[in-house]
Amino acid sequence: MTIGFAVTDDAFTREILSVAQLNQAVGQLLERSVPALWVRGEVSNFTQAASGHWYFTLKDSRAAVRTVMFRGRAQSVGFVPRPGDQVEVRARVSLYEPRGDYQLQADAMRRAGVGNLYETFLRLKEKLAGEGLFDAEVKRTPLRLPRAIGVITSLHAAALRDVLSALARRAPQVPVVIYPAPVQGADSAPRLTAQLQRANARAEVDTLLLVRGGGSIEDLWSFNDEDLARAIASSAIPVICGVGHETDFTIADFVADLRAPTPTAAAELACVPREDLLGATRHAAQRLMRAQERRLDQAAQRLDRAAAQLISPAQRLAHQRERLNTLRHRLAAAGQRPAQQRQSRLQVLMQRLARRVPDTARAGERLERVVARLARTQRQGIDGAERRLAAVAAHLRALDPDNTLQRGYAIVRDAQGAILTDAAAMRAGDRVRIDLARGRAEADVVSAEPDRPVP
């Protein structure tokens, strides 16, 4: 790869620069002219500073270049490189101005040759995540007190010794069943899958540990197998995955019901420590003892109260005798009480009867006074009625038509008998009837003058 630099600014020829100005200008020129790129090489002179920054040299058979990777970028790498490791770094070219050394500022790092594997890993991870195999809703919680624990790993792996040591220390009472399978190599993934299925078929354990020690992405590639991932997802037994170190992640970690950073941590997550169980048992025993003591104390108190209520036969007979005498006296008193009550009631009735005997003399006087008042009232009523009757008769006589006729007036009626009061209602030749004080007469109208005033 050939990179050309085009410097058109002739400022360098017009003035004299200090060394610091020169290094600054060269640094700016490098940063503007060389884009970020991937560089492959071997790590040497690796130093991890107390600040967390990495300083190392990246070299090949013909050249070397100083490289720095600051802490924020180094924390996302996932592994710590060692001298002799072949790596690929994505870096920007810069100049360390105090010394005038050009260097690489690494932004990312991966092991050499794993780019394709990592892309394959990401594609499978995205696929399985889309199917919901990583969802928390499908995860199962391992039993806190398993009857047995199964371990799927190689018989020669250091991870097996770590797991067995941790289980023997934490829960020596729990049986361990080992399902041996290679954890690295071409046929390791199918054999791991087969052992996982075998453990489910035998159903002799309550928790499965899928473990392996650390290594490169190639060493851990068996745990990125799709078939193994689906077998873990469909396992009826909860699976705890402890593969590699804390910074190592595989597909099996995402699919498993629980992910442990190391094999030892997986063993610790699989069971409750024996000391914790013994402590809980002692605590429960103490609680049971205290509860039993409380019940015994309560029973003793009830017994004391019951004993205090017990009475000897002689005392009971004495109490019964006293009660019998009391009832005898009450019975005698009850026999006398009705007669006394009747006598008292008779006296009360006689007093009430004496108060209610009528006084005939006073009643006769009161009757005479009432009769006299009645006679006076009756006479007054008759006199008032006679006066009112005379007034009404006089009024009726004044209104009697016969009296009016006696004074010379007459009543004129038409042929139908209706009284005529208006001359306009009569015509010449009409026959009318005239009622007089004595008798009546009929006449023919000779003429009628309606407008003539009455004299």
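**Note on salt bridges, backbone and surface**

1. D257 is buried, with a relative accessibility of 9%. Buried is used here for under 20% relative accessible area, exposed for over 50%, and partly exposed for what falls in between (1.4 Å probe, protein chains only). The model is a predicted one: local features need pLDDT of at least 70, side-chain atom pairs count only at pLDDT 80 or more, and totals for chains, interfaces and linings use all residues. Residues are numbered from 1 along each chain as its sequence is written, and side-chain values use heavy atoms, with hydrogens and water left out.

2. The partner of D257 is R140, and the closest N and O atoms of this salt bridge are 2.9 Å apart. A salt bridge requires a side-chain nitrogen of Lys or Arg within 4 Å of a carboxyl oxygen of Asp or Glu. Distant parts of the chain are linked by this pair, 117 residues apart: D257 sits in the loop between α7 (251-255) and β10 (258-259), and R140 in the loop between α3 (115-130) and β6. Helices (H or I, at least four residues) and strands (E, at least two) are DSSP runs, numbered from the N terminus. R140 counts as partly exposed, at 25% relative accessibility.

3. A second salt bridge joins the side chains of D107 and R92 (3.4 Å, N to O). This pair also links distant parts of the chain, 15 residues apart, with D107 in strand β5 (residues 101-111) and R92 in strand β4 (residues 86-96). D107 is buried at 15% relative accessibility, whereas R92 is partly exposed, with a relative accessible area of 36%.

4. How many salt bridges does a search of the whole structure find? The count is 20. One further pair is D187 with R191, whose side chains meet at 3.6 Å, N to O. D187 is partly exposed at a relative accessible area of 40%, and R191 is partly exposed at 44%. K127, E131, E226 and R230 are linked in a salt-bridge network.

5. Two backbone angles deserve a check. Most residues other than glycine have a negative phi. N45, not a glycine, has a positive phi of about 50°; N45 is placed in strand β1 (residues 37-48) and is exposed, at 60% relative accessibility. A203, also not a glycine, has a positive phi of about 50°. A203 belongs to the loop between α5 (188-202) and β8 (207-212) and is partly exposed, its relative accessible area being 41%.

6. Strands β6 (residues 149-153) and β7 run parallel and are joined by five bridges; strands pair if DSSP finds at least two bridges between them. Across this pairing, I149 stands opposite V176 in β7. With helix α4 (residues 158-170), β6 and β7 make a right-handed β-α-β unit.

7. Which residues make the nonpolar surface patch of about 280 Å²? They are L155, L164, V176 and I178. Patches take residues with over 30% relative accessible area and no salt bridge, joining nonpolar side chains (Val, Leu, Ile, Met, Phe, Trp, Tyr) within 5 Å and like charges within 9 Å. I178 is in strand β7 (residues 176-180) and is partly exposed, at 31% relative accessibility.

8. The unreviewed UniProt entry annotates residues 17-110 as "domain: OB-fold nucleic acid binding"; such annotations may be inferred rather than shown by experiment. In the model, this span is 20% helix and 48% strand, and its end C-alpha atoms lie 40 Å apart.

Note on methods:
Accessible areas come from the Shrake-Rupley method with a 1.4 Å probe; for residues, only the protein chains shown count as cover. A crossover is right-handed if, with the strands pointing away from the viewer, the path from the first strand over the helix to the second runs clockwise.
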